[in-house]
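This report describes side-chain packing and pairing in one protein chain. It takes up a helix, then charged pairs, then aromatic rings.

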Amino acid sequence: MRQEQLVSTRLLLRMAYIQEGLEHYPAALYYLSLAQARQPRAATWLKMTELAQNYRLTGYTNTWQQQLFITVRRYYYRVLQVLLVGAVIGGTLLLVRHRQTGAGWWAVYAAYVGLTVVYLNIFGPEKVGIVSRSAAALMAAPSPGATWLTTAAAGDRLVVVGQRDIWYEVQWRGQSAYIRHHDLMLVR
């Protein structure tokens with residue numbers, strides 16, 4: 001399924017429904033997360049937060065900011081296409097008319113490109129993972145001998161920052177933590 005990418009959002013939601021019925025909530029959250037990554041919807045996020053609340057999981061906040069981000073992410077790629085097309089057209093026009101344009105137009109173009117970069121970095125999809133095993137250890141460094149921070153529950157949602165050897169660097173309560181690859185299912 002991961003390699004072929006031939007699964008529809010509708011099928012992912014059905015698979016999540018089946019897993020929830022079987023009381024395999026980490027798998028249900030994984031399929032819901034895949035569906036949310038493909039097609040962000042408020043209803044899917046609400047279902048994820050409901051499941052997370054029932055099983056006391058972390059990483060699923062339901063605030064107005066989260067709802068706003070879901071709406072923006074729903075149209076993220078369309079808006080990005082428009083911004084990039086505008087940057088190409090604007091840059092082409094400035095280059096064609098480079099002798100007739102003043103420094104002010106170049107400053108406006110630079111500000112436009114800067115706003116596009118800000119849009120890319122702020123609203124871009126974040127890389128997240130779902131903890132696949134119960135009692136998965138979160139460590140302070142990428143080493144089995146490092147300081148143990150806490151134990152993550154199966155189904156917890158963690159933002160993935162980077163990767164080192166067999167460890168993922170994740171955000172946990174505002175700080176960096178490390179979890180082994182086999183303990184985390186990557187969504188994006």
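In helix 2, the buried residues (under 20% relative accessible area, with exposed meaning over 50% and partly exposed in between, for a 1.4 Å probe and protein chains only) are P26, A28, L29, Y30, Y31, L32, S33, L34, A35 and Q36. The model is predicted: local features need pLDDT of at least 70, side-chain atom pairs count only at pLDDT 80 or more, and totals for chains, interfaces and linings use all residues. Residues are numbered from 1 along each chain as its sequence is written, and side-chain values use heavy atoms, with hydrogens and water left out.

Helices (H or I, at least four residues) and strands (E, at least two) are DSSP runs numbered from the N terminus. Helix 2 is largely enclosed by the rest of the structure, because 10 of its 14 residues are buried. From its first C-alpha to its last, helix 2 reaches 20 Å, close to the 20 Å expected at 1.5 Å a residue; the expected span is 1.5 Å times one less than the number of residues. Its buried residues pack against helix 1, helix 3, helix 4 (64-74), strand 1 and strand 7.

S33 is located in helix 2 (residues 25-38) and has a relative accessibility of 6%, which counts as buried. Apart from neighbours within four places in sequence, S33 is in contact (heavy atoms within 4.5 Å) with M48, I130 and V187.

The structure contains four salt bridges, each defined as a side-chain nitrogen of Lys or Arg within 4 Å of a carboxyl oxygen of Asp or Glu. Among them are the following pairs.

| Pair | N to O distance |
|---|---|
| K47 and E20 | 3.0 Å |
| E126 and R157 | 3.2 Å |
| R133 and D183 | 3.4 Å |

The side chains of R133 and D183 meet in a salt bridge. This pair links distant parts of the chain, 50 residues apart: R133 is in the loop between strand 1 and strand 2 (136-139), and D183 is in the loop between strand 6 (175-180) and strand 7 (184-186). R133 is partly exposed at 43%, whereas D183 is buried at 9% relative accessibility.

The side chains of E126 and R157 also form a salt bridge. E126 lies in the loop between helix 6 (103-123) and strand 1 (128-131) and R157 in strand 4 (residues 157-164), so the pair ties together parts 31 residues apart in sequence. E126 is partly exposed at 31% relative accessibility, while R157 is buried at 15%.

K47 forms a salt bridge with E20. The pair joins helix 3 (residues 42-54), which holds K47, to helix 1 (residues 9-21), which holds E20, across 27 residues. Both partners count as partly exposed, K47 at 25% and E20 at 27% relative accessibility.

Aromatic pairs number eight in the structure. Rings of Phe, Tyr and Trp (its six-membered ring) pair if their centres lie within 6.5 Å; planes under 30 degrees apart count as stacked, over 60 as edge-to-face and the rest as tilted. F69 and F123 have ring centres 5.5 Å apart and planes at 70 degrees, so the pair is edge-to-face. Since F69 lies in helix 4 and F123 in helix 6, the pair ties together parts that are 54 residues apart in sequence. F69 is partly exposed at 28% relative accessibility, and F123 is partly exposed at 21%.

Y76 and Y77 form an edge-to-face pair, 4.9 Å centre to centre with 80 degrees between the planes. Y76 is buried at 4%, whereas Y77 is partly exposed at 48% relative accessibility. Ring pairs link F69, Y76, Y77, Y119 and F123 into a cluster.
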